[in-house]
Amino acid sequence: MQKEGKKKGLKASVLATVLVAGTLLLLAMMGVFLLWDLHAGQAAGYHRKKQLQWHMESGFVLYAADSVAGSRMLQDSVYRLYEEEEDARLRTERYLWGLYEVVTVATVEDGAFSVRMFGKTNPGPQHPALWVCNRRKAVSFAGKTVLFGEAWLPENGLQYVQMHSRFFEGKALDKEQIKISREELPATDPAVRKSIEALWQLPEDTLCAGNLSAGRSFRESALCGGIAGERLDGDVRGRIIVKGERIVIGSESHLQDVLIVAASVRIESGFTGKVQVFARDSVVLEEGVLLEYPSGIYLQGEAPEGYLKMGDACEVNGYVVVEERAPLKGRPKACYIQPESARVRGLLRVDGIAQVQGDVTGSAWLRESYYFAPEGFYSDILYNTRFFATDEFPYPLWQEGAYERRCVQWLY
């Protein structure tokens, strides 16, 4: 009789081990699913945020390219980019800052916003290297005068002459470069003009010493401060207007994006900064002054003897605008003087007699061009001047022309 075989089985403790292992496996799987879900949520949040940022960018692009859409964006409390997308809703604000504009676009969904300064893509109805009003007199090039781009000149054309016993040494223009100008400079933007005129009427919030130190965000309201005395040696940044009767900007001053409003302004030799200057009587830049982009100088045409004079090796990046002044009796006098070593990059518009030498990179618009020499003056002439047309940078909102905007700089 054979013995029965031993029955094979598992110990009772194995069941507990299996339960523990299964539980750990389930927990691990749950952890994997939770991590996947967390990652998917983070990814969705990231992509949603990026989508809202792209909506904001699209708002800036639309505002800059389309005048009708830009007006609607400013008029509507909430502007929807795409009807089918609920989160493509924007709020847009805009105000003028000197001859530029500051635009804020914010997304309704999360309140994110960006603040940027804008100018115009073109300087005027045309984009010439040089425009001289049509006074039925030929314009003369003398010395080493050169021009790259289009020249809009009087119907009597262009001639090349000698000066101080020196024959013309520049580069003659091709016929295709020469166009016929009009009798007047292009009209200016009435809204921008009104904004500039209002600068002199602004009440001063405070009276400060000349060593003023202040900063102001472009999301805040403007701070308008008057200074006691004539000298400004401060550190001033942002949405601040500094007013005075006669202001001297010291060479050690640190100015960034501020407006200076005064009867007359003198900027000391060696100064470097970003500033828009608005004056009624005169502006003088001493030797070596550098106004970085986007800067500018605006001289109102109230004073018959008013003038803007640049010193040697000065450079203005942005604009120079000299308004028409009351006519003078007797000998002609320049209301704008730029020496051979000076440079303007941007818009140069002189509604009067200008002596322009040196470089103008951008677009120059002149009513009359003179050269004043020790022995006398020469009318309708440009001597040792270089003009270069370019679309490298945006222009100020001053002259009539196409609406299209371009971003000047990010402010926030």
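A contact here means that heavy atoms lie within 4.5 Å of each other. Among contacts in the chain between residues at least 6 apart in sequence, 50% join residues at least 24 apart. The structure is a predicted model. Its chain holds three helices and 29 strands. The radius of gyration is 32 Å, well over the 22 Å that the globule rule gives for 412 residues, so the chain is more spread out than a compact globule.

**Overall shape and surface**

- The C-alpha trace spans about 145 × 55 × 40 Å along the principal axes of the chain.
- Of the 412 residues in the chain, 48% are buried.
- Charged side chains number 48 positive and 53 negative. The centres of these two sets lie 6 Å apart.

**Nonpolar cores**

- In soluble globular proteins, nonpolar side chains tend to be buried together.
- The largest nonpolar core in this model has 54 residues. L130, I260, L285, Y336 and L348 have the most contacts inside this core.
- A second, separate core has 32 residues, including V102, C133, I196 and L347.
- Beyond its neighbours within four places in sequence, L130 is in contact with F141, L147, E150, A151, W152, L153, A364, L366, L382 and F387.

**Backbone exceptions**

- Most residues other than glycine have a negative phi, and most peptide bonds are trans.
- The peptide bond joining Y293 and P294 is cis, with omega about 0 degrees. P294 lies in strand β20, which covers residues 290-299.
- S165 is not a glycine, yet has a positive phi of about 65 degrees. This serine sits in the loop between β9 (158-160) and β10 (178-180). S165 counts as exposed because its relative accessibility is 66%, and the cut-off for exposed is over 50%.
- D380 is also not a glycine and has a positive phi of about 55 degrees. This aspartate lies in the loop between β26 (376-379) and β27 (381-383). D380 counts as buried because its relative accessibility is 10%, and the cut-off for buried is under 20%.

**F271, a buried loop residue**

- F271 is placed in the loop between β18 and β19, the latter covering residues 272-285.
- The relative accessible area of F271 is 0%, so this residue is buried.
- F271 and H254 are 17 residues apart along the chain, and their C-alpha atoms are separated by 8.5 Å.
- Not counting residues up to four places away in sequence, F271 touches I249, G250, S251, S253, L255, G288, V289, L290 and L291.

**N211, an exposed loop residue**

- N211 is in the loop between β11 (206-208) and β12 (213-216).
- With a relative accessibility of 58%, N211 counts as exposed.
- Leaving out residues up to four places away in sequence, N211 touches D233 and G234.
- From N211 to K120 the C-alpha separation is 35 Å, and the two residues are 91 apart in sequence.

- Q126 is found in the loop between β4 (113-120) and β5 (130-132).
- Apart from residues up to four places away in sequence, Q126 touches W131, W152, R182 and W365. W152 is also among the contacts of L130.
- Q126 and F167 are 41 residues apart in sequence, and their C-alpha atoms are 32 Å apart in space.

Definitions and conventions. Residues numbered from 1 in each chain as written. Predicted model: local features only at pLDDT ≥ 70, side-chain atom pairs only at ≥ 80, totals over all residues. Heavy atoms only, no water. Helix = DSSP H or I, 4+ residues; strand = E, 2+ residues; numbered from the N terminus. Rg over C-alpha atoms; globule rule 2.2 N^0.38 Å. Buried < 20%, exposed > 50% of the residue type's maximum accessible area, 1.4 Å probe, protein only. Lys, Arg positive; Asp, Glu negative; His and termini not counted. Charge placed at Lys NZ, Arg CZ, Asp CG, Glu CD. Core = buried A, V, L, I, M, F, W, Y, C linked by side-chain atoms within 4.5 Å.
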